[in-house]
Every structure is written in structure tokens, then in C-alpha cells.
There are 2 protein chains.
Amino acid sequence: MSSGQPLNPLPGDREPTLTIAQVAERTGLSHDTLRYYEKAGLIERVGRSTGNQRRYQAADLAWLEFLLRLRETGMSIADMQRFAALRAAGNATVPDRLAMLREHRAELADRIRVLRRNATVLDHKIDHYEQLLLDEHEYEYEQPGSEELT
Amino acid sequence: MSSGQPLNPLPGDREPTLTIAQVAERTGLSHDTLRYYEKAGLIERVGRSTGNQRRYQAADLAWLEFLLRLRETGMSIADMQRFAALRAAGNATVPDRLAMLREHRAELADRIRVLRRNATVLDHKIDHYEQLLLDEHEYEYEQPGSEELT
DNA sequence: GTAGAACCTGGAGCGCGCTCCAGGTCAAGC
DNA sequence: GCTTGACCTGGAGCGCGCTCCAGGTTCTAC
């Protein structure tokens, strides 16, 4: 990109658009990933400039942000493809989309629970190591036999 | 495995041991993964029967369980290798291990926070879809123009 | 003793989610 | 008009974390 903020030329359109570089910057996705997502059907074909360069609109960005939330919560590309296909198929698929989201939400809740449980295991281990260090200092340097399972 | 519970022959040892199949069953890891973890140095070389078959001891299992907690919380194999190497190097590495665990714990806390934030985004989306369905029924079948961004 | 299941090793292969590359076209400043 | 950087496409390549395979050995039940 250049300096300033170029209002990208539109293909005879109303709304201001973003180049792929600008979308990459805003979403944190790479250029390649953005093109890959489009090729994979996660996003519908983005509008083009007269010279065939991508011009993203606000709706594209909003959808990408939502996809990122799905990705961050561990949804696979394959499932996101399914979801995107349902969305592209129109309002009649709302029940299916709702079902997918509910299931994903439930799995997410499970994963959060597991992580929290594991977090307490880590805390115990950390406590254990801290105690080991304290004991060591107490006896002024090492103490074979105070070795534990870990 | 056969029926009954065979007390596996020990290599002239004290403690009861487990075969790889039994460890696989208890941990949920596959035979291949268990062998892979050993080859990768995540677990120290497991004891063998006279015929060179693995015989896991309680300490092996405990360590595996802890590794699983690390894995479930998203630690990479490479980091687990580092941790395992420190552990194998003895008590002098306790401060390093503690530092690793603390850092991992902090990252885990971040990831849980992100997941919880995303969970609320999902909840909003679900609410939105539910509302769409309600509206649809209200008007007795469809309603073009009630289409949203998603 | 023998059959069949369980196990061994070294190494190749795989699915996922990108990432990189080659060989071009397009756009903006001078 | 020219340069330089952003962008395009199709397809190959990669790192991770396993998973599978071939070819052989061991264990257990009968």
C-alpha cells in the first residue's frame, strides 16, 4: 500500500471497499489465507475492481469476523464450509444453521470445562514445584531423595 | 487381550505392570501414539519384558496422564519434549520447569478468556437465528426482506 | 507344539490448514 | 511512459501430530 488512505476505485458501486491488504490487516489473516478461504467457499466470491482485484465490502468483513470466531472456537474448515453453504442457500436453511451453532456452542462449553479442569491440574503442579524450590532453599542446597514423580 | 486379568510377567521386578494395550485403554491414546511419544522422547524408555515388549509402571502412567493435560491445554509436542528433557535432567531444572508451566498457565488463561468471549458471540448469533424463526412463523411463511447479513 | 492374537521396529503416508512459488497483470507516483 | 509494488491464478509444498504398513517376534490358550 501507499501512504494516505486511497479510497479504492469501485466497479461502478455505491459503498467504499477495502483491498485484500486492508482486510488482511484488519482481520489478521494473510493474503494467502483470504484467497484460500474464498477458493474454499468459506466466503462468497468477493467483488472485483475493473482490473480483477478484490474489493471487499463491509458485509464481507463482518462475515469474515464471524468466521474467525468460529475458527477460534475450534470449528474445522469443513464445518465452516457447510455453514457457509447453508447461508448461501438462503433463509430456508436457518433451522439447519441454528442446529449447527447450537451443537458447536455445546461443544465449546465442554471444551471450556475441560480447560478449566486442566488449569487446576497445572496450578497444583506449579504449587508442587514452588514447594520443591522452597524446601531446597531451606536445607541450603539440594537434597537427594526429595525427588518426586515429576 | 484375553479374558480375565493377566498379571503381566515382570522382568524380575517388584511392581505390577501394564501392557501397551492396557495403557492405551486407560489413557485413550493409540498403541501407535504411545510408541510415537516414546520415540519422540516425551516419555523415557519404558521397561521391557524379557521378550522386549513394553511393560508400563504406575509412574509411566502418571506421567502420561500429565502429558495429556498439557496436550489438552494446547501445548505442542516440541514444548512437551523440552519439558520432558528438563524433567529427565533432574532436580536442578525445577526452576526452568516452573517457568514453563507458569507461562503455559498464563497462555491457557488467555485462551479461556478468548473462548468465553467468543461463546457470547455465538450466543448472540443463536438468539438472532431464533428470532428469525419466530418472525417467520408469525407472518405465516417466509418474508423476503427479513434477510440479514447472515 | 501350534494357532492366533498381541507386540516389535523403521519408515512411509496422511489430513489439516495454511504458505509459498512462478509467472504473469494492474495501479500509482514520478 | 516507466518503475515499483500490490495484486492475480493455479498448483506445489510444508509442519504438525499422528496413523498405517511390512515384515518379523512373542505370548497365551489349547
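1. Buried area. About 4,000 Å² is buried between chain A and chain B, and carbon and sulfur atoms give 68% of that area. Buried area is the accessible area (1.4 Å probe) that two parts lose on being put together, summed over both. The size of an interface is often given in this way, as the accessible area lost when the parts come together.

2. Basis. This is a predicted model: local features need pLDDT of at least 70, side-chain atom pairs count only at pLDDT 80 or more, and totals for chains, interfaces and linings use all residues. Residues are numbered from 1 along each chain as its sequence is written, chains are lettered from A and ligands numbered from 1 in the order in which they are written, and side-chain values use heavy atoms, leaving out hydrogens and water.

3. Contacts. Chain A puts 41 residues in contact with 41 residues of chain B. Contact means heavy atoms within 4.5 Å.

4. Polar links. Between chain A and chain B, 12 residue pairs are in polar contact, both residues being at pLDDT 80 or more. A polar contact is a pair of N or O atoms within 3.5 Å; within protein, one must be able to donate a hydrogen and the other to accept it, and residues adjacent in sequence count only if both atoms are side-chain atoms. The interface also has 4 salt bridges by the rule (a side-chain nitrogen of Lys or Arg within 4 Å of a carboxyl oxygen of Asp or Glu). One of them joins R102(A) to E130(B), with the closest N and O atoms 2.5 Å apart.

5. Elements. On the side of chain A that touches chain B, helix 3 (58-72), helix 4 (77-88) and helix 5 (94-138) of chain A each give two or more residues. Helix 5 of chain A gives the most, with 26 residues. Helices here are DSSP runs (H or I, at least four residues), numbered from the N terminus.

6. Symmetry. Chain A superposes on chain B by a rotation of 180° with 0.0 Å of shift along its axis (RMSD 0.0 Å). In chain A, the C-alpha of I112(A) is nearest the axis, 3.3 Å from it. Both copies use the same surface: 100% of the contact residues of chain A recur in chain B.

7. One residue. R71(B) lies in helix 3 (residues 58-72) of chain B. The side chain of R71(B) makes a polar contact with the side chain of Y37(B) (3.5 Å).

Terms used: Least-squares fit on C-alpha atoms with pLDDT ≥ 70 in both.
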